[in-house]
Amino acid sequence: MTGCHDDDKFEKHLEEDPDPQLDPERSPGLHTDIEALEDIEVSREDVTIGEATPEELAASDTEPVEDDAVASLLSDIEHGEKTDRRRAALELKDRATTDNIVAALARAATTDDDSDVRQFAVEALTTHGGERAAAVAVELLDDPDPWVRAEAVVTLDNVDREAHEDDIEGAVHDDHHAVRRNAAISLFKLRGEAMADLLLEQSRDDSERVREWAAHMLGGVDEDRARERLRELTDDPATVVRQTAERSLEADPGRFRRQFGGALENDARLLPGEDRLNRMPDL
(Lines give C-alpha, C1' and ligand atoms only; values in the text may rest on other atoms or scores of the structure.)
Protein backbone atom coordinates (compact mmCIF):
# COMPACT_ATOMS: atom_id res chain seq x y z
CA MET A 1 0.00 0.00 0.00
CA THR A 2 2.97 2.30 -0.06
CA GLY A 3 1.99 3.89 -3.35
CA CYS A 4 -0.95 5.75 -1.86
CA HIS A 5 1.21 6.97 1.00
CA ASP A 6 3.67 8.41 -1.50
CA ASP A 7 0.89 10.03 -3.53
CA ASP A 8 -0.27 11.82 -0.42
CA LYS A 9 3.14 13.40 0.07
CA PHE A 10 2.98 14.85 -3.42
CA GLU A 11 -0.52 16.21 -2.88
CA LYS A 12 0.12 17.97 0.40
CA HIS A 13 0.74 21.49 -0.99
CA LEU A 14 -1.43 21.58 -4.12
CA GLU A 15 -3.89 24.43 -3.45
CA GLU A 16 -6.57 24.40 -6.15
CA ASP A 17 -4.46 23.21 -9.07
CA PRO A 18 -5.95 20.23 -10.91
CA ASP A 19 -4.15 16.93 -10.61
CA PRO A 20 -4.76 13.46 -12.05
CA GLN A 21 -6.75 12.47 -8.98
CA LEU A 22 -9.35 15.07 -9.96
CA ASP A 23 -10.30 13.19 -13.11
CA PRO A 24 -14.06 12.78 -12.67
CA GLU A 25 -13.77 9.13 -13.66
CA ARG A 26 -11.66 8.67 -10.53
CA SER A 27 -13.67 11.04 -8.39
CA PRO A 28 -14.73 9.83 -4.93
CA GLY A 29 -18.07 8.14 -4.93
CA LEU A 30 -18.48 7.86 -8.67
CA HIS A 31 -19.18 4.30 -9.84
CA THR A 32 -18.94 2.95 -6.29
CA ASP A 33 -21.22 2.23 -3.36
CA ILE A 34 -20.00 4.50 -0.58
CA GLU A 35 -20.57 3.35 2.96
CA ALA A 36 -17.83 4.99 4.96
CA LEU A 37 -15.29 7.74 4.89
CA GLU A 38 -12.59 5.19 4.03
CA ASP A 39 -14.33 4.87 0.67
CA ILE A 40 -13.65 8.52 -0.02
CA GLU A 41 -10.51 10.03 -1.48
CA VAL A 42 -9.39 13.16 0.26
CA SER A 43 -7.07 15.11 -1.99
CA ARG A 44 -4.45 17.42 -0.53
CA GLU A 45 -4.95 20.82 -2.13
CA ASP A 46 -2.08 22.42 -0.27
CA VAL A 47 0.85 20.38 -1.65
CA THR A 48 3.56 21.56 -3.99
CA ILE A 49 4.50 18.67 -6.24
CA GLY A 50 8.03 17.50 -5.59
CA GLU A 51 8.48 19.06 -2.16
CA ALA A 52 8.37 15.77 -0.27
CA THR A 53 11.85 14.69 0.75
CA PRO A 54 13.13 11.13 0.20
CA GLU A 55 13.03 10.68 3.97
CA GLU A 56 9.38 11.75 4.11
CA LEU A 57 8.40 9.43 1.27
CA ALA A 58 10.28 6.54 2.88
CA ALA A 59 8.44 7.11 6.15
CA SER A 60 5.24 5.71 4.64
CA ASP A 61 6.96 2.47 3.66
CA THR A 62 6.37 0.05 6.52
CA GLU A 63 8.21 -2.89 4.94
CA PRO A 64 11.36 -2.20 7.01
CA VAL A 65 9.38 -2.68 10.24
CA GLU A 66 6.73 -5.21 9.24
CA ASP A 67 8.55 -8.00 11.08
CA ASP A 68 9.48 -5.91 14.13
CA ALA A 69 8.18 -6.94 17.51
CA VAL A 70 5.48 -4.82 19.07
CA ALA A 71 7.90 -3.79 21.82
CA SER A 72 10.25 -2.38 19.19
CA LEU A 73 7.44 -0.46 17.49
CA LEU A 74 6.29 0.95 20.81
CA SER A 75 9.82 2.12 21.50
CA ASP A 76 10.04 3.68 18.03
CA ILE A 77 6.78 5.60 18.32
CA GLU A 78 7.88 6.98 21.67
CA HIS A 79 11.57 7.63 21.15
CA GLY A 80 12.41 7.20 17.46
CA GLU A 81 13.28 9.76 14.83
CA LYS A 82 10.40 11.30 12.90
CA THR A 83 10.51 8.68 10.15
CA ASP A 84 10.60 5.86 12.70
CA ARG A 85 7.65 7.29 14.60
CA ARG A 86 5.59 7.57 11.43
CA ARG A 87 6.40 4.01 10.40
CA ALA A 88 5.62 2.69 13.84
CA ALA A 89 2.21 4.35 13.89
CA LEU A 90 1.40 2.89 10.48
CA GLU A 91 2.53 -0.58 11.42
CA LEU A 92 0.79 -0.62 14.81
CA LYS A 93 -2.59 -0.34 13.17
CA ASP A 94 -2.23 -3.92 11.96
CA ARG A 95 -1.10 -5.45 15.22
CA ALA A 96 -3.37 -7.16 17.73
CA THR A 97 -4.96 -4.68 20.11
CA THR A 98 -3.39 -4.28 23.51
CA ASP A 99 -3.67 -1.59 26.18
CA ASN A 100 -0.05 -0.62 25.49
CA ILE A 101 -0.69 -0.08 21.79
CA VAL A 102 -3.82 1.98 22.47
CA ALA A 103 -1.99 4.11 25.02
CA ALA A 104 1.03 4.66 22.76
CA LEU A 105 -1.08 5.67 19.77
CA ALA A 106 -3.19 7.99 21.91
CA ARG A 107 -0.07 9.71 23.23
CA ALA A 108 1.41 10.05 19.76
CA ALA A 109 -1.84 11.42 18.34
CA THR A 110 -2.13 14.10 20.98
CA THR A 111 1.46 15.00 21.87
CA ASP A 112 3.82 14.29 18.97
CA ASP A 113 5.30 17.44 17.47
CA ASP A 114 5.09 16.03 13.94
CA SER A 115 1.67 16.48 12.36
CA ASP A 116 2.03 13.40 10.16
CA VAL A 117 2.72 11.24 13.19
CA ARG A 118 -0.39 12.62 14.85
CA GLN A 119 -2.46 11.97 11.73
CA PHE A 120 -1.14 8.43 11.27
CA ALA A 121 -1.65 7.71 14.94
CA VAL A 122 -5.26 8.83 15.26
CA GLU A 123 -6.36 6.79 12.27
CA ALA A 124 -4.38 3.77 13.46
CA LEU A 125 -5.98 4.21 16.87
CA THR A 126 -9.40 3.82 15.24
CA THR A 127 -8.66 0.14 14.63
CA HIS A 128 -7.84 -0.41 18.29
CA GLY A 129 -9.32 2.17 20.57
CA GLY A 130 -13.10 2.43 20.36
CA GLU A 131 -14.15 5.02 22.91
CA ARG A 132 -10.53 5.98 23.51
CA ALA A 133 -10.11 6.66 19.80
CA ALA A 134 -13.22 8.83 19.79
CA ALA A 135 -12.05 10.81 22.81
CA VAL A 136 -8.69 11.46 21.15
CA ALA A 137 -10.38 12.43 17.89
CA VAL A 138 -12.63 14.95 19.65
CA GLU A 139 -9.54 16.51 21.19
CA LEU A 140 -7.84 16.64 17.78
CA LEU A 141 -10.69 18.59 16.22
CA ASP A 142 -8.77 21.57 17.64
CA ASP A 143 -5.37 20.45 16.35
CA PRO A 144 -3.40 23.24 14.63
CA ASP A 145 -2.79 21.07 11.57
CA PRO A 146 -5.81 20.85 9.24
CA TRP A 147 -5.02 17.33 8.05
CA VAL A 148 -5.01 16.06 11.62
CA ARG A 149 -8.42 17.69 12.10
CA ALA A 150 -9.65 16.13 8.86
CA GLU A 151 -8.43 12.74 10.06
CA ALA A 152 -10.16 13.26 13.38
CA VAL A 153 -13.47 13.62 11.55
CA VAL A 154 -12.76 10.35 9.73
CA THR A 155 -12.14 8.66 13.06
CA LEU A 156 -15.36 9.94 14.59
CA ASP A 157 -17.27 8.79 11.53
CA ASN A 158 -15.69 5.35 11.78
CA VAL A 159 -16.10 4.89 15.51
CA ASP A 160 -19.66 6.19 15.93
CA ARG A 161 -20.85 9.02 13.71
CA GLU A 162 -24.27 9.10 15.35
CA ALA A 163 -22.92 9.47 18.87
CA HIS A 164 -20.57 12.22 17.71
CA GLU A 165 -22.94 14.02 15.37
CA ASP A 166 -22.61 17.30 17.28
CA ASP A 167 -18.81 17.13 17.22
CA ILE A 168 -18.82 16.45 13.49
CA GLU A 169 -21.32 19.22 12.86
CA GLY A 170 -18.99 21.64 14.59
CA ALA A 171 -16.40 20.91 11.91
CA VAL A 172 -18.51 21.87 8.88
CA HIS A 173 -17.36 25.48 9.07
CA ASP A 174 -13.68 24.74 9.67
CA ASP A 175 -11.33 27.06 7.81
CA HIS A 176 -9.83 24.16 5.84
CA HIS A 177 -11.54 22.52 2.90
CA ALA A 178 -10.77 18.90 3.86
CA VAL A 179 -12.33 19.27 7.30
CA ARG A 180 -15.46 20.92 5.88
CA ARG A 181 -15.82 18.26 3.24
CA ASN A 182 -15.25 15.34 5.61
CA ALA A 183 -17.80 16.67 8.07
CA ALA A 184 -20.41 17.13 5.36
CA ILE A 185 -19.86 13.60 4.01
CA SER A 186 -20.29 12.09 7.46
CA LEU A 187 -23.39 14.14 8.22
CA PHE A 188 -24.95 13.26 4.87
CA LYS A 189 -24.83 9.61 5.86
CA LEU A 190 -26.81 10.51 8.97
CA ARG A 191 -29.21 13.10 7.60
CA GLY A 192 -29.62 12.55 3.88
CA GLU A 193 -31.85 15.15 2.25
CA ALA A 194 -31.93 17.19 5.45
CA MET A 195 -28.41 18.27 4.47
CA ALA A 196 -29.75 20.23 1.49
CA ASP A 197 -29.11 23.70 2.95
CA LEU A 198 -25.52 22.93 3.90
CA LEU A 199 -24.81 21.22 0.57
CA LEU A 200 -26.15 24.21 -1.32
CA GLU A 201 -23.89 26.43 0.78
CA GLN A 202 -20.88 24.19 0.15
CA SER A 203 -21.62 24.14 -3.57
CA ARG A 204 -20.39 27.76 -3.50
CA ASP A 205 -17.26 27.00 -1.47
CA ASP A 206 -13.93 28.45 -2.59
CA SER A 207 -12.48 24.92 -2.75
CA GLU A 208 -13.26 22.95 -5.88
CA ARG A 209 -13.01 19.74 -3.88
CA VAL A 210 -15.74 20.91 -1.50
CA ARG A 211 -17.87 21.98 -4.47
CA GLU A 212 -17.23 18.63 -6.13
CA TRP A 213 -18.47 16.71 -3.12
CA ALA A 214 -21.41 19.05 -2.63
CA ALA A 215 -22.37 18.43 -6.25
CA HIS A 216 -21.98 14.70 -5.72
CA MET A 217 -24.19 14.61 -2.62
CA LEU A 218 -26.81 16.94 -4.12
CA GLY A 219 -27.53 13.99 -6.39
CA GLY A 220 -29.25 12.49 -3.36
CA VAL A 221 -31.52 15.50 -2.73
CA ASP A 222 -34.86 15.19 -4.50
CA GLU A 223 -35.68 18.90 -4.59
CA ASP A 224 -36.05 21.38 -7.43
CA ARG A 225 -33.56 23.77 -5.81
CA ALA A 226 -30.94 21.01 -5.75
CA ARG A 227 -31.47 20.23 -9.42
CA GLU A 228 -31.39 23.94 -10.28
CA ARG A 229 -28.10 24.36 -8.45
CA LEU A 230 -26.66 21.29 -10.15
CA ARG A 231 -27.55 22.76 -13.52
CA GLU A 232 -25.71 25.93 -12.50
CA LEU A 233 -22.71 23.85 -11.47
CA THR A 234 -22.43 22.41 -14.96
CA ASP A 235 -20.87 25.82 -15.74
CA ASP A 236 -18.46 25.74 -12.77
CA PRO A 237 -14.90 26.88 -13.54
CA ALA A 238 -13.54 23.50 -12.37
CA THR A 239 -13.95 20.62 -14.80
CA VAL A 240 -14.30 18.07 -12.00
CA VAL A 241 -17.21 20.04 -10.51
CA ARG A 242 -18.93 20.43 -13.86
CA GLN A 243 -18.73 16.75 -14.68
CA THR A 244 -19.74 15.67 -11.18
CA ALA A 245 -22.81 17.93 -11.42
CA GLU A 246 -23.72 16.40 -14.77
CA ARG A 247 -23.56 12.92 -13.28
CA SER A 248 -25.60 13.94 -10.24
CA LEU A 249 -28.35 15.30 -12.47
CA GLU A 250 -28.65 11.81 -13.95
CA ALA A 251 -28.80 10.08 -10.56
CA ASP A 252 -31.91 8.70 -8.90
CA PRO A 253 -31.91 10.49 -5.49
CA GLY A 254 -33.41 7.62 -3.51
CA ARG A 255 -31.06 5.03 -4.94
CA PHE A 256 -28.15 7.41 -4.46
CA ARG A 257 -28.90 7.79 -0.74
CA ARG A 258 -29.32 4.04 -0.25
CA GLN A 259 -25.93 3.41 -1.80
CA PHE A 260 -24.23 6.27 0.01
CA GLY A 261 -25.33 5.50 3.55
CA GLY A 262 -24.54 2.47 5.69
CA ALA A 263 -22.64 1.18 8.67
CA LEU A 264 -18.90 0.81 8.34
CA GLU A 265 -17.53 -2.69 7.96
CA ASN A 266 -14.15 -2.02 9.48
CA ASP A 267 -12.04 -4.23 7.25
CA ALA A 268 -14.16 -4.67 4.15
CA ARG A 269 -14.67 -1.37 2.38
CA LEU A 270 -11.29 -0.49 0.88
CA LEU A 271 -11.16 0.47 -2.77
CA PRO A 272 -8.31 -0.84 -4.94
CA GLY A 273 -5.03 0.78 -3.98
CA GLU A 274 -6.42 2.42 -0.84
CA ASP A 275 -5.16 2.21 2.70
CA ARG A 276 -7.20 2.75 5.86
CA LEU A 277 -4.84 5.48 7.01
CA ASN A 278 -6.31 8.25 4.86
CA ARG A 279 -2.96 8.78 3.18
CA MET A 280 -4.37 9.26 -0.30
CA PRO A 281 -6.08 10.53 1.85
CA ASP A 282 -9.27 8.49 1.75
CA LEU A 283 -11.66 11.32 2.51
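Buried, on this tour, means under 20% relative accessible area, with exposed over 50% and partly exposed in between (1.4 Å probe, protein chains only). This is a predicted model: local features need pLDDT of at least 70 and side-chain atom pairs count only at pLDDT 80 or more, while totals for chains, interfaces and linings use all residues. Residues are numbered from 1 along each chain as its sequence is written, and side-chain values use heavy atoms, with hydrogens and water left out.

**Start with the whole chain**

Show the cartoon first. You'll find 15 helices and 0 strands (DSSP runs numbered from the N terminus: H or I of at least four residues for helices, E of at least two for strands). Of the 283 residues, 57% are buried. Now think about contacts, meaning heavy atoms within 4.5 Å: among those with a separation of 6 or more, 73% are between residues 24 or more positions apart.

**Select Phe-188**

Phe-188 sits in helix H10. Is it buried or exposed? Its relative accessible area is 3%, so Phe-188 counts as buried.

Next, look for aromatic pairs. Rings of Phe, Tyr and Trp (its six-membered ring) pair if their centres lie within 6.5 Å; planes under 30 degrees apart are stacked, over 60 edge-to-face, and the rest tilted. The whole structure has 3 such pairs. One of them joins Phe-188 and Phe-256, edge-to-face, at 6.1 Å centre to centre with 75° between the planes. That pair links distant parts of the chain, since Phe-256 is in helix H15, 68 residues from Phe-188.

**Widen out to helix H15**

Select residues 253–260, which is H15. Which of its residues are buried? They are Pro-253, Gly-254, Phe-256 and Phe-260. These cover an arc of only 160° around the axis, so they fall on the same side of H15 (the arc is taken from the directions from the helix axis to the C-beta atoms). What do they pack against? Helix H10 (177–191) and helix H12 (208–218).

**Hop to Ser-203**

Ser-203 is in the loop between helix H11 (196–202) and H12. It is buried, with a relative accessible area of 0%. The Ser-203 side chain reaches the backbone oxygen of Leu-200 at 2.6 Å, and a 2.8 Å polar contact joins it to the side chain of Arg-229. Leaving aside neighbours within four places in sequence, Ser-203 is in contact with Arg-211, Ala-214, Leu-218, Arg-229 and Leu-233.

**Then Ile-77**

The largest nonpolar core has 61 residues, and Ile-77, Leu-105 and Met-217 have the most contacts inside it. Such a core is a set of buried Ala, Val, Leu, Ile, Met, Phe, Trp, Tyr and Cys residues joined through side-chain atoms within 4.5 Å. Beyond residues up to four places away in sequence, those that Ile-77 touches include Arg-85, Leu-92 and Leu-105.

**Last stop: Gly-129**

Gly-129 belongs to helix H6 (residues 115–129). It counts as buried because its relative accessibility is 15%. Thr-98 is 31 residues away in sequence and 9.2 Å away in space, C-alpha to C-alpha.

Key. Polar contact = N/O pair within 3.5 Å; in protein donor to acceptor, adjacent residues only side chain to side chain.
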